[in-house]
Amino acid sequence: PDSPYAPEAEDRSGPNAFLGFTLMHEPRPSERRIDVALMGDGYPLDRQNRFDKDAKGHLKVLLKEPTFAAYEPYFNWWRFNLASKDTGVDEVEPIQPDEELEEHEKRRKRKRKVRTYETALDCKAAGPQGQVAANPRCVWHYLSYLDVNDALAVCFARMGSLGMGGMGIATTGPKGVVVHEFGHAFGGLLDEYANKPGPPSGFTEAANTTTNRQSPPWKHFLEVGYPGVGVYEGGATYKQGVWRPAHNCAMNTGGNEYCPVCREATVLMIYTYVSPIDVARPAERELRPGDDGWPAIEIEPMKPVTHDLEVTWYLGDERPASGTVGEEERTEEDDFAEGMLTDE
């Protein structure tokens, strides 16, 4: 009981147990990648093989989306094996409007008891249509086993329906909604479908939805006439007063590909986590000339799978402290000649 490992021992041997994590591909440095955990809820100890299969399946669907397919090397994908005592998803009693509370309380005694289950991620049918959501506290607890993590997780409930996303956590039931929910959790994207009558009561703004029809966040797409991008009413679940950029998108009700605006927002989000420069040599932040002159500078940029990046190099206006190499003043032409500065 007094061992410093007692909490972990309990965590690994209880009815809901942490069994370990595994990198799902060749090693990549976590400090220069985006770490995402794949976790399952409702998988007993003797069904971990099923979980492993489902984890691969969810990741396969996510990586079919062109943006994630292109930038897959920018990520680390971790499989977290969690054993659950039960397999179900907690039922949640719907919230009643104030005027219905009294009548609801009268009927409540006649209703069956709301079912609950003991599972590793404490998933609940929390949405208005029974959308499943994992308990963030449980997710963050298991993520703490990764020394370096970005607080991002894809959680799939074995018995869940639809899904929900936010706070870095995408929870799904069927595999088909993982792209949509990860768009919420990672990209900060809002729904592009509309099922609520009327406009929203407050301000609704994201990279892919707006209440400002005249100047949407994707105005730069409109200015160049980008194909497939416009301003369409209906978004963030509201039929009026909110506009979206495209007819078809994974953030709408069908399909597993993002529209151009959501793709751009996802790429920009990727670069908030990952530097465009993967490796720089020398590692020192400040360089000085040696006996053989200035050291060579080598840069390895990050590179997507599907396309090349246009790379432009700049040497700042500020000269080295000495301002000379040998007896001659260093010029920009010298930098070009030695490969320290190129036009692309």
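Trainee: What should I know about the model before reading numbers off it?
Mentor: It is a predicted model, in which local features need pLDDT of at least 70 and side-chain atom pairs count only at pLDDT 80 or more, while totals for chains, interfaces and linings use all residues. Residues are numbered from 1 along each chain as its sequence is written, and side-chain values use heavy atoms, with hydrogens and water left out.

Trainee: How many helices and strands does the protein chain have?
Mentor: Nine helices and 15 strands. Both are DSSP runs numbered from the N terminus: helices are H or I with at least four residues, strands are E with at least two.

Trainee: And what share of the residues is buried?
Mentor: Of the 344 residues in the protein chain, 41% are buried. Buried means under 20% relative accessible area, exposed means over 50%, and partly exposed is in between (1.4 Å probe, protein chains only).

Trainee: Cores next. How many residues are in the largest nonpolar one?
Mentor: The largest nonpolar core has 41 residues, and I34, V36, F75, F182, F186 and Y258 have the most contacts inside it. Such a core is a set of buried Ala, Val, Leu, Ile, Met, Phe, Trp, Tyr and Cys residues joined through side-chain atoms within 4.5 Å.

Trainee: Which elements give two or more residues to this core?
Mentor: The helices are helix 2 (48–62), helix 3 (66–70), helix 6 (178–185) and helix 8 (260–273). The strands are strand 2 (34–41), strand 3 (75–83) and strand 6 (153–157). Apart from this core lies another, of 22 residues, including A37, V89, A134 and A153.

Trainee: Back to F186. What does F186 touch?
Mentor: Leaving out residues up to four places away in sequence, F186 touches I34, F68, F75, L152, T266, M269, I270 and Y273. A contact means heavy atoms within 4.5 Å.

Trainee: Is D52 buried or exposed?
Mentor: D52 is buried, at a relative accessible area of 17%. D52 belongs to helix 2 and touches R79 and N81, again not counting residues up to four places away in sequence.

Trainee: How do strand 10 and strand 11 join?
Mentor: Strand 10 and strand 11 (residues 237–244) run antiparallel and are joined by three bridges. G235 has Y238 as its bridge partner, and E233 stands opposite W243. The two strands form a hairpin with one residue between them, and A236 in the turn has a positive phi of about 55°.

Trainee: Different topic. How many salt bridges are there?
Mentor: The count comes to 16 salt bridges, each being a side-chain nitrogen of Lys or Arg within 4 Å of a carboxyl oxygen of Asp or Glu.

Trainee: Where do E8 and R12 sit relative to each other?
Mentor: E8 and R12 are four residues apart in helix 1 (residues 6–13), so about one helical turn separates them. Their closest N and O atoms are 2.9 Å apart in a salt bridge. E8 is partly exposed at 30% relative accessibility, and R12 is partly exposed at 37%.

Trainee: What about R281 and E298?
Mentor: The side chains of R281 and E298 meet in a salt bridge at 3.6 Å, N to O. R281 lies in strand 12 (residues 277–281) and E298 in strand 13 (residues 298–301), so the pair ties together parts 17 residues apart in sequence. Elsewhere, salt bridges that share partners join E31, R32, R33 and D278 into one network.

Notes:
Two strands pair if DSSP finds at least two bridges between them.
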